[in-house]
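Have a look at the model first, and then we can walk through it together.

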Amino acid sequence: MEWDSTTHLLAAAVDHLAVANWMTATINSGEDADPLDYPEAVPRPGIAGAAPRDDPDDAAASDSPVQLPTPSQLSQFFS
């Protein structure tokens with residue numbers, strides 16, 4: 001079954017909300033708390049096992065010039 005553009009946009013919105021919730025929970029967790037798992041993306045049809053976004057922990061390993069902030073950098077920025 002193929003998705004139309006509306007369904008893809010809805011899945012993207014769900015993914016972005018999950019990341020925003022993960023960021024909020026990470027920022028507001030204690031310094032000694034275990035790091036939270038990065039949220040899984042909504043599975044897309046035709047993309048077997050591929051996530052549509054990168055895990056921020058893997059950002060340094062990629063060839064991408066964009067470096068995402070670490071949870072501790074985000075926490076420091078918002079404090």
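Buried means under 20% relative accessible area, exposed over 50%, and partly exposed in between, with a 1.4 Å probe and protein chains only. Arg-44 counts as buried because its relative accessibility is 13%. This is a predicted model, in which local features need pLDDT of at least 70 and side-chain atom pairs count only at pLDDT 80 or more, while totals for chains, interfaces and linings use all residues. Residues are numbered from 1 along each chain as its sequence is written, and side-chain values use heavy atoms, with hydrogens and water left out.

Arg-44 sits in the loop between α1 (5-28) and α2 (71-78); helices here are DSSP runs (H or I, at least four residues), numbered from the N terminus. The Arg-44 side chain has these two partners:

| Partner of Arg-44 side chain | Distance |
|---|---|
| Asp-15 side chain (polar contact) | 2.6 Å |

Now to the helices. The axes of α1 and α2 are 9 Å apart, and the two pack at an angle of about 75 degrees, so α1 is roughly perpendicular to α2 (65 to 115 degrees; axes are lines fitted to C-alpha atoms over the stretch in contact, with angles from 0 to 180 degrees between N-to-C directions).

Finally, Ser-72 lies in α2 and counts as exposed at 53% relative accessibility.

Notes:
Polar contact = N/O pair within 3.5 Å; in protein donor to acceptor, adjacent residues only side chain to side chain. Parallel < 35°, antiparallel > 145°, perpendicular 65-115°, else oblique.
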